[in-house]
2 protein chains.
Amino acid sequence: MEVPPPLVLKRPLFVPSKTLMGPGPSNCSQRVLEAMSNPVLGHMHPECLQIMDEVKEGIKYIFQTLNDATMCISGAGHSGMEAALCNLIEDNDVVLMGISGVWGHRAADMARRYGADVRYVEASFGRALTLDEIRAAFETHNPRVFFIAQGDSSTGILQRHIPEIGELCRQYDCFLVVDTVASLGGTDFLMDEWKVDVAYTGSQKSLGGPAGLTPISFSKRALSHIKQRKTKPKVYYFDILLIGQYWGCYGTPRIYHHTISSTLLFGLREALSNFCAMGLKNVVQRHRECSARLQLGIEELGLELFVQQEKDRLPTVNTIKVPFGVDWKKVADYAMRKYNLEISGGLGPTVGHVFRIGLMGENATLEKVDMVLSILNEAIQSIKLRAVERSKI
Amino acid sequence: MEVPPPLVLKRPLFVPSKTLMGPGPSNCSQRVLEAMSNPVLGHMHPECLQIMDEVKEGIKYIFQTLNDATMCISGAGHSGMEAALCNLIEDNDVVLMGISGVWGHRAADMARRYGADVRYVEASFGRALTLDEIRAAFETHNPRVFFIAQGDSSTGILQRHIPEIGELCRQYDCFLVVDTVASLGGTDFLMDEWKVDVAYTGSQKSLGGPAGLTPISFSKRALSHIKQRKTKPKVYYFDILLIGQYWGCYGTPRIYHHTISSTLLFGLREALSNFCAMGLKNVVQRHRECSARLQLGIEELGLELFVQQEKDRLPTVNTIKVPFGVDWKKVADYAMRKYNLEISGGLGPTVGHVFRIGLMGENATLEKVDMVLSILNEAIQSIKLRAVERSKI
């Protein structure tokens, strides 16, 4: 038997240029894209380690933390969730999941595989969890680890009260894991001040970097707990005591753990550099202003936002109810076909119910907001008109 | 408290251009580098899924397999090792590690974390495992899974007899995992014909792609075993039943599993396209010729190869004994400082004992062989001379 070379690989690579205004990835700037065509570097070369150091400093800034154990996991955002849970959880630990969309369920799937005793506290549909609900769940379950997404990209819900949850976790001797994949850069996040034990974020959202490297940070308290585990974390690839040695986090010699992608490092470094130059507060302010304008525009179009309370709305991923009788998929297809613009549908519990419009990084500008509003309206009207015409035939 | 933006990120990105002739990564071609500055794509966009399909076909070709469960893990080569073990192993399974360098030990670390009962069969220093040694170990341990690196990059040892090991595994109802990270493209590998159950390889070696996406394939037999597991694989991120759905392996609708890096996909796609255009047999032949010339040159320089038996030498990563009284680090530093050329030292058991010279992908040419020989010789002579001069003072 011989497997022949595939014909499809004889064709040239085709990559269209799109405006990515779904829940992420968002577009990278030209600076970031160009950085990624630099020659690759060895994973232990001093220039590569230097860039890792620079990236590490950038991550400390965006998380507002002084944690030594600040690094990237070499994988997608999901690998950040894995690393957070894998390092904290030992068999039969009670892990409480705050649910306001799909991400708590995803974390639950991971945690159970690591041997955790998983419990839930679930918000009512379209609302954030209240502090009272969380307090009651702590009372009932007395968790070892509490997981919550600051922004749930499936519902567009922003979970405020992270500072109060941080206090609560200290009272219960519980570790607080905050998923900031979709929220960071779009809303305040002060890791140290809020007593967050583990935070990770997406590189390909408000940061404007490429997907594939996931910034993560562990508090001193979490780190000392991990050092005292009875058993090794279940995954070598996610073991932050080892990864942190490679990233030079602990003042010990650098030890090879895996081959980091220098290409992605270049891109992330440039994205962080750009982010730092703009300044965290300005970036957050810009994302908020864009979302406010979008929300206003949505209401002016006679459409309705999915998240009822304004204060519970995530500025980065905005959810809009699909009007009655309109097929969301046709609207999204229209925008993509005619304008190369991504408007996304729902995910998990919101599939079919919402559009998701991402205003992140390069795409968090007032011009893009006006553009997406105009195209969304045109697409909905066009789909409605077609439906009316079809019904006449 | 406020963490200020780091000053280091105000400096421009600095990436030197080097010739990477260590154990990997190897240099990417200009075509691959340029592909990675294309605009990013959404992870569920049809153009992205199309490129994934093309990459999948390319991987089937390089592994010479028709396996449906052929995909990439979104992570470094180590994540391929994780995925192979994570999906096959259940608690207390006996896993036998073939050791001819560091990689069997690394796999052992991972497997133990997954709950395996790990056993070893170890080659004598500087030699490949013999078939008799492996047979005896099967007799003793009756393993559920057998792991072996076809090429161990720490020692430069090539493990032949994979076809015979494939037969042996069938006799013992054992699953055969072959690490081809360092060997693929430099030596024959026929996954289906040799009855290999899981194979994975490095993208950044002979393939000439970027690090960060790891090609992997599971046999029908392995897949049906995985479908019948009593427990879920311990890691969601490495669960190939889920990843394979995202990669469209099973004829079921594509389901979002994680956000793949479209940037790395572009690079890997172009590397595979180039590899396919050259043809597997020609690529292997070229790597063999380059290694033969290097081996001859090394002996002409009065140096000695680490692997005694010629037939046990891996063509891609060549190990050369460090001459008595010479500091390998000074030699490597000389080559890097004067020529931007990477010559590597040992890893694990070979640290301080060997130089490692990689002849892979773009760097597997006769011109590069002559260059590296000439520079290695110059560097050694220069270091020796300096030592003599210093002893006179």
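Predicted model: local features only at pLDDT ≥ 70, side-chain atom pairs only at ≥ 80, totals over all residues.
Chain A contains 12 helices and 13 strands. Its radius of gyration is 22 Å, close to the 21 Å that the globule rule gives for 393 residues, so chain A is as compact as a globular protein of that length. The C-alpha trace of chain A extends over about 70 × 55 × 55 Å along its principal axes. Of the 393 residues in chain A, 65% are buried. Among the contacts in chain A with a separation of 6 or more, 72% involve residues 24 or more positions apart.

The interface is considered next. The size of an interface is often given as the accessible area lost when the parts come together. Chain A and chain B bury about 7200 Å² between them, and 64% of this area is on carbon and sulfur atoms. In contact across the interface are 90 residues of chain A and 90 residues of chain B. Between the two chains there are 8 salt bridges; B:K18 forms a salt bridge with A:E47, with 2.7 Å between the closest N and O atoms. On the side of chain A that touches chain B, at least two residues each come from α1 (30–35), α2 (46–63), α3 (77–88), α4 (103–113) and α9 (262–278). The residues of that side comprise 44 nonpolar, 25 polar and 21 charged.

Over all chains, the structure holds 46 salt bridges. A:R288 and A:D188 form a salt bridge at 3.4 Å, N to O. A:R288 lies in helix α10 and A:D188 in the loop between β8 and β9 of chain A, so the pair ties together parts that are 100 residues apart in sequence. A:R288 is partly exposed, at 34% relative accessible area, and A:D188 is likewise partly exposed, at 41%.

In chain B, the side chains of B:D312 and B:R160 meet in a salt bridge of 3.7 Å, N to O. Because B:D312 is in the loop between α10 and β11 and B:R160 in the loop between β7 and α6, this pair ties together parts that are 152 residues apart in sequence. B:D312 is buried, with a relative accessible area of 6%, whereas B:R160 is partly exposed at 30%. Finally, a network of salt bridges links A:R31, A:E54, A:R269 and A:E270.

Notes:
Residues numbered from 1 in each chain as written. Chains lettered and ligands numbered in written order. Heavy atoms only, no water. Contact = heavy atoms within 4.5 Å. Buried area = accessible area lost by both parts, 1.4 Å probe. Salt bridge = Lys/Arg side-chain N within 4 Å of Asp/Glu carboxyl O. Helix = DSSP H or I, 4+ residues; strand = E, 2+ residues; numbered from the N terminus. Nonpolar A, V, L, I, M, F, W, Y, C, P; charged D, E, K, R; others polar. Rg over C-alpha atoms; globule rule 2.2 N^0.38 Å. Buried < 20%, exposed > 50% of the residue type's maximum accessible area, 1.4 Å probe, protein only.
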